[in-house]
Structures are given as structure tokens and as C-alpha cells.
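Visitor: I'd like to go through this structure with you, a piece at a time. Could you set out the terms as they come up?

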Amino acid sequence: MKYLPTSCYKSISLAVALAASSGLVHATGESDETAEIYRPSITNSSWEDTIRAPSVYDQPYNVSLFSAEHGEDSARLWSQTKSVAAYGVGFAGFLALLPSSITNWDKSGEKLHKKWWDNVSSGPVWDRDNFAINYIGHPYFGGVYYQTARKSGYRQWDAFMYSFMMSTFYWEYGVEAFAEVPSIQDLVVTPVLGWVYGEWAFNKEREIRQRGGTVWGSEGWGDTALFFLDPIDSLGRGVNTLFGDDVVKAGTGYLSMTEVPLDNGRIDKQVQFQVQYAIGAGKANEGVSRHQSANNKASSVEDPVDFGIVGISIGSSYMSPGEVWNLESGWAPSASVGLYFSRSFSTRLSYARGKLNDKRTGQSTTFENYSFDGQYYFNGQNTLRPYLTFGIGESLIELDKEKKAFQVNGGAGLHYRLSPNWALQLDWRHFYSAKLSSWDNLAVGQLVYRFGRGESWL
């Protein structure tokens, strides 16, 4: 087979790459039996594949994304970041084609830069997007961001911070802000639940590749699963399958501005995005074509920070709005998602929504409360831990953004540990709004679930 000249750049279409990744294309002209012998090398590494000195974990929350001080592959991370940027713009174009009833995107004819500034300066807000977009789509792409760093040899905490920065500054306050106001829950849910999904997908992909790339004994199902576990990496890997060698050196994506002359003499400014792969003969450089170690846990010391610090809670709350709302007290479901950094400190995003009766009319009225809080726990080593909580948030009535009140809150609670993964918590919070001179109260009881090893490592 003849290869393209080394370092030659050629655009590879999404359709061809996807077909190759799915095992639908054999471009080598060889028989199926011969083609099946080739399987591209694993082009990602793991923090656990390298033995680390115990001192690396003396300050476990240090971030090395910008220093690569422990041998991480910063070149691969930057290359993949450019690819993600280009793919994201294309995905935004796809979302723009969907009905506004699904995305809640504003499709008015306002100039883009003005729309972006108006949206950024108006937020963040609690959005009303479709449930699947907010709580399935966003965590999925948070996991895609996460794997970009994880596969470049970074540990879980660094990969989470990368996902947080990409989802916040590239997506919420970047691409998506051209269409809608940044979302409060997306800022939290995308990187936090993306961490949980991304770590699962990262390890699931490695399991599939270690058993020959099959799922249920089928390479077709295996290729399909691998693509959806991490489409960014799979596109480049599909090109390698197409050529039967590691001809893809790196993936890049970029935006450009082009001035196109029109027939009427005016100039049309067009924004273009393009995805390119660097194509060349032979093996890719070490940073791109990194082989997976046979020993998946070479590290002599386990990283103390993993996705076990992520927790979700569900339960019930008793809402007691202040007099200004003219609502009777009542029960409502509640939920929260957060990070339990240690047995002494956590943060969480909480939400409660109930149907309360209007005191004047007796009609059922929707009342919502959401807040972002920090918790400090006393007696952290004990099973029963009292805690204090402080934060900020908003309450609103009938989903009306004009009838909302910014609030500060404080309170106290009890956290009872049932097991490393499960706990019960009860708390009471007092909310104050200077705008309305209103005092609201909220009592909450929830069941807490911690992912992975939970707090067993703390």
C-alpha cells in the first residue's frame, strides 16, 4: 500500500472516519482475513500505567494541566483540544437546526456579538432545556472532555478540571452563549457527572481493547461501542484503520474568518470551521501512539482523589416561603449533586420544586428554590457528623424569571454515614432576599449516594 507523503495534511470527512471506525471500510484492498489482523495501537495512556513517587499525592488537589510536571502528554492534550473545539462548533450547528422547543435557543436575527454579550451578562440562570439535553447530553459531553485529558496521561482530578474549563469557558460562556444564557445546572452537571461517565467510559474502552475490541463476541458491536464511548479519539483511530497503520499523527480543528465578494459588490464575512488530521507514513510519535501497559495498575500508590468524591442526593423538603410570596407551606421533592472533598468539607448544587397553595385564591402554584452551598462537617471521622452550610441561590414563582429573588442562606444539619457509598442527611436552611426583604425556610431530608469507592479512601 502507498502512503501519503510524511507530514502531508489532508482533511478527512466525518463520514469516512466514522465508517472506518465502525469496521465498514477496508481501504487496503486486502482480504477480510488479512485486514482483521491489523488493529491500531492504543493511542492513549493512563496515569496508573506509570509508577509515581508517593510525594506526588502530598497535595492531591494540585493541578498540573499547564505544567505536565509528572510526565503527562501535554502535546496530545493540546492537539485533542483543537479537535474538540472544531467538533463542538459543528455540534452547535446541529443543535441550531433543532426546534426551539427542544433546545430553548433564541433564533432571533440579532447580531451574534451583541447576542453573546447580552446572554453572558444576563446569566447564569436556571434553564428550562429538555431533560435529556441537560442530564444526559451534558454529562455525556462532559465525559468526552474528561477523556481528552485522561487519555493524555493525566490523573482524574486534572481531567475533571479540564472538563470543567472546557464545559464552562468553551461551551457555556463560549459557543452556546451565542444562542442562550449560560445555565446554572449545566455549569455543575456537565463536569461533575461527566467525571463519573468519563471515568467509566475510559476504563470500559480499555477493557474492550484488551479483549480484542469485541463486545458480545462481535467486532462490529465493539467498534460501535468504542466510537460512542469516545467519538473524538475514535475518529482519528478510524483513519488509522483505513490505512492499516498509525498514519494519523494528530487531530486539529480551527475557526477562520473569510471575506467572500458578492455579485452586488458587497463583501460577505463568513466564519468557517475545519477539522484536519496530520497524515504521514509509518508510526506516529510517542505522544500520539502510546501503547497501553499490560499492567493497568502500575502505580505503587493509589491516587487519593477519584470520582468517589462525586455524590448525588434525592429526598423531600418542607418549603416555608416568606409572607411576601403569599403561599402556604408544603412538601416538595428535592435533589442535589456535589463534590465531597473530604470528611470535613463539601459543596453541592441543590434544587427543590413544589406545588404550594396561594393563600388568596387557594390555587396550586409552582414554587422553586435552587442554591449553591458549601458544607463544613464537625467530627469528620465519626459516623454521625453535624455540619454548617452556607451559600447563595434564588427562589421564583410560576417559572417566571421576572418574579425571582436572589438569596443568601445559612443553616445546619446532620450527616449519618451508612456505608462508604451511602448516607442520610437532614438539614434546615434559612434564606434571605434583600430585594424582597423576605425570609424563607427550607427543611430537607435526603439519601446520599457516593460513586466508586465513596469515602472509603478518606
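Guide: Helices (H or I, at least four residues) and strands (E, at least two) are taken as DSSP runs and numbered from the N terminus. This is a predicted model, in which local features need pLDDT of at least 70 and side-chain atom pairs count only at pLDDT 80 or more, while totals for chains, interfaces and linings use all residues. Residues are numbered from 1 along each chain as its sequence is written, and side-chain values use heavy atoms, with hydrogens and water left out.

Visitor: Fine. How many helices and strands does the chain have?

Guide: There are ten helices and eleven strands in the chain. Of its 458 residues, 50% count as buried, where buried means under 20% relative accessible area, exposed means over 50%, and partly exposed lies in between (1.4 Å probe, protein chains only).

Visitor: And what share of the contacts join residues at least 24 apart?

Guide: Taking a contact as heavy atoms within 4.5 Å, 68% of the contacts between residues at least 6 apart in sequence join residues at least 24 apart.

Visitor: Which residues touch the most other members of the largest nonpolar core?

Guide: Trp157, Trp195 and Leu339 do, in a core of 37 residues; a nonpolar core here is a set of buried Ala, Val, Leu, Ile, Met, Phe, Trp, Tyr and Cys residues joined through side-chain atoms within 4.5 Å. At least two residues of this core come from each of α3 (74–97), α6 (131–150), α7 (156–175), α8 (184–210) and β5 (330–340), and α7 gives the most, with nine residues.

Visitor: What does Trp195 touch?

Guide: Leaving aside residues up to four places away in sequence, the contacts of Trp195 include Tyr146, Trp157, Phe160, Phe307 and Leu339. There is also a second, separate core of twelve residues, which includes Trp325, Ala352, Ile397 and Ala405.

Visitor: Changing topic, which residues of helix α9 are buried?

Guide: In α9, which spans residues 219–229, the buried ones are Gly222, Asp223, Leu226, Phe227 and Leu229. Seen down the helix axis, these buried residues fall within an arc of 165°, so they line one face of α9, the arc being that of the directions from the helix axis to the C-beta atoms. At the start of α9, a side-chain oxygen of Ser218 comes within 3.2 Å of the backbone nitrogen of Gly220.

Visitor: What about Trp216, buried or exposed?

Guide: Trp216 is exposed, with a relative accessible area of 73%, and it sits in the loop between α8 and α9. Its phi is positive, about 55°, although Trp216 is not a glycine. Asn379, in the loop between β7 (364–377) and β8 (384–397), also has a positive phi, near 50°, and counts as partly exposed at 47% relative accessibility.

Visitor: Okay, on to Asp303. Where is it found?

Guide: Asp303 is in the loop between β3 (267–279) and β4 (310–320), and it is buried, with a relative accessible area of 12%. Its side chain makes a polar contact with the side chain of Arg155 at 3.5 Å, and also reaches the backbone nitrogen of Val305 at 3.0 Å. A polar contact is a pair of N or O atoms within 3.5 Å; within protein, one must be able to donate a hydrogen and the other to accept it, and residues adjacent in sequence count only if both atoms are side-chain atoms. Among the residues that Asp303 touches, not counting those up to four places away in sequence, are Trp47, Tyr57 and Arg453.

Visitor: And Gln407, which residue's side chain does its own side chain join in a polar contact?

Guide: That partner is Asp440, with a polar contact of 2.8 Å between the two side chains. Gln407 lies in strand β9 (residues 404–417) and counts as buried at 0% relative accessibility.
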